[in-house]
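I opened the notebook on a new structure today.

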Amino acid sequence: MANKLTRDRIVDKADQLFYEQGVEHTSFAQIAEALGISRGNFYYHFKTKDEILDAVISHRLVRTNSMLDNWELEGDTPADRIHSFINILVMNQAKIKRYGCPVGTLCTELAKLDHPARSHANELFTLFRTWLRRQFEQLGRSGDADELAMHLLAFSQGVATLSSAFQDEEFIHSEVKRLDDWLASFTTAINTESEVL
C-alpha cells in the first residue's frame, strides 16, 4: 500500500511539473526533491523519464474519462454538457493564463521532440473529440458532429494559447461568452424547427 501511495505521489508531482516546466525541463531530481523522497526510492518505481511520462499520460486519461463521465451525469441536455467543456476555460483560467492548456502544451512539446509518447498523449484530444462529437450528434447535428467537435477543440486551444501569450483573463471570459452564444444558436435552431413541425 505504501509503495502504491509513493508511486501515485510521484505521478501526481511529475504531472504538475511537466505541465508547469515542460517534460524536457523536468528532471528526476526535481521530482524527487519536490516530494522529499530519496533517489533510490524514486528509481524503485520508475527507471526512466519515459516510464514516468507514460504513467502521467495514463493518469490524465483516467482523470479525463472521469470528468467526462461526471459531465454526462450532471448535464441534463447535450448543450449543458458541451457548456461544461467550454467552461473549463474559466474554471482553470489562472493556470491556463500562466501555463497554457495542459493537453495542448503536452502534445505540442512531444510533437516538437518527435517523442514516441506523442500518440499516447494525443489520445487525450481524441477523448474530448469523441465525447464532443457524441454530444453534437445528440443535439441533432449528426451530419457535421465531428466537424463541430474539432472546431470547438480548435477554438478552445486558441483561446488558451492567446490568453497565456497576452496574460489576459478577460479575453477568456469574452471568448467563453462567444462560445456559449455559438452553442445557444444550435439549441435555438432546434427549437425553431420543432415549432415549425
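Where is the place of F155? I found F155 in helix 9. I took helices (H or I, at least four residues) and strands (E, at least two) as DSSP runs, numbered from the N terminus.

A note on the source: the model is predicted, so local features need pLDDT of at least 70 and side-chain atom pairs count only at pLDDT 80 or more, while totals for chains, interfaces and linings use all residues. Residues are numbered from 1 along each chain as its sequence is written, and side-chain values use heavy atoms, with hydrogens and water left out.

**Entry: F155**
F155 is partly exposed, with a relative accessible area of 24%. Here buried means under 20% relative accessible area, exposed over 50%, and partly exposed in between (1.4 Å probe, protein chains only). I then listed contacts, meaning heavy atoms within 4.5 Å. Not counting residues up to four places away in sequence, F155 touches E175, R178 and L179. F155 and L179 sit 24 residues apart in sequence, and their C-alpha atoms are 8.6 Å apart in space.

Why does Q157 count as buried? Q157 counts as buried because its relative accessibility is 19%. Leaving out residues up to four places away in sequence, I found Q157 touching C101, G104 and F125.

S163 lies in helix 9 too. Its relative accessibility is 0%, so S163 counts as buried. Beyond its neighbours within four places in sequence, S163 is in contact with I96, K97, D168, F171 and I172. I also checked S163 against A94: they are 69 residues apart in sequence and 9.9 Å apart in space, C-alpha to C-alpha.

**Entry: R81**
Next I went to helix 5, where R81 lies. Is R81 buried or exposed? R81 counts as buried, at 7% relative accessibility. Apart from neighbours within four places in sequence, R81 is in contact with W71, E72, G75, D76, W131, Q135 and Q138.

**Entry: the whole protein**
I counted 10 helices and zero strands. The C-alpha trace spans about 70 × 35 × 30 Å along its principal axes. Of the 197 residues, 41% are buried. Among contacts with a separation of 6 or more, 68% are between residues 24 or more positions apart.

**Entry: helix 4 and helix 7**
I looked up how this pair packs. The angle is about 150°, and the axes are 13 Å apart. Axes are lines fitted to C-alpha atoms, for helices over the stretch in contact, and angles run from 0 to 180 degrees between N-to-C directions. From helix 4, the contact uses L53, I57 and R60; from helix 7, P102, V103, L106 and L110.

**Entry: the largest pocket**
What is the volume of the largest pocket? The volume is about 630 Å³. Of the 24 residues that line this pocket, R63, I88, N92, P102 and V103 are the closest to its centre. A pocket is an open set of points on a 1 Å grid over the protein atoms alone where a 1.4 Å probe fits, with protein on both sides within 12 Å along at least five of seven lines; lining residues have an atom within 4 Å of a point. Grid points are joined across faces, edges and corners, and a volume is the space filled by probe spheres set on the points.
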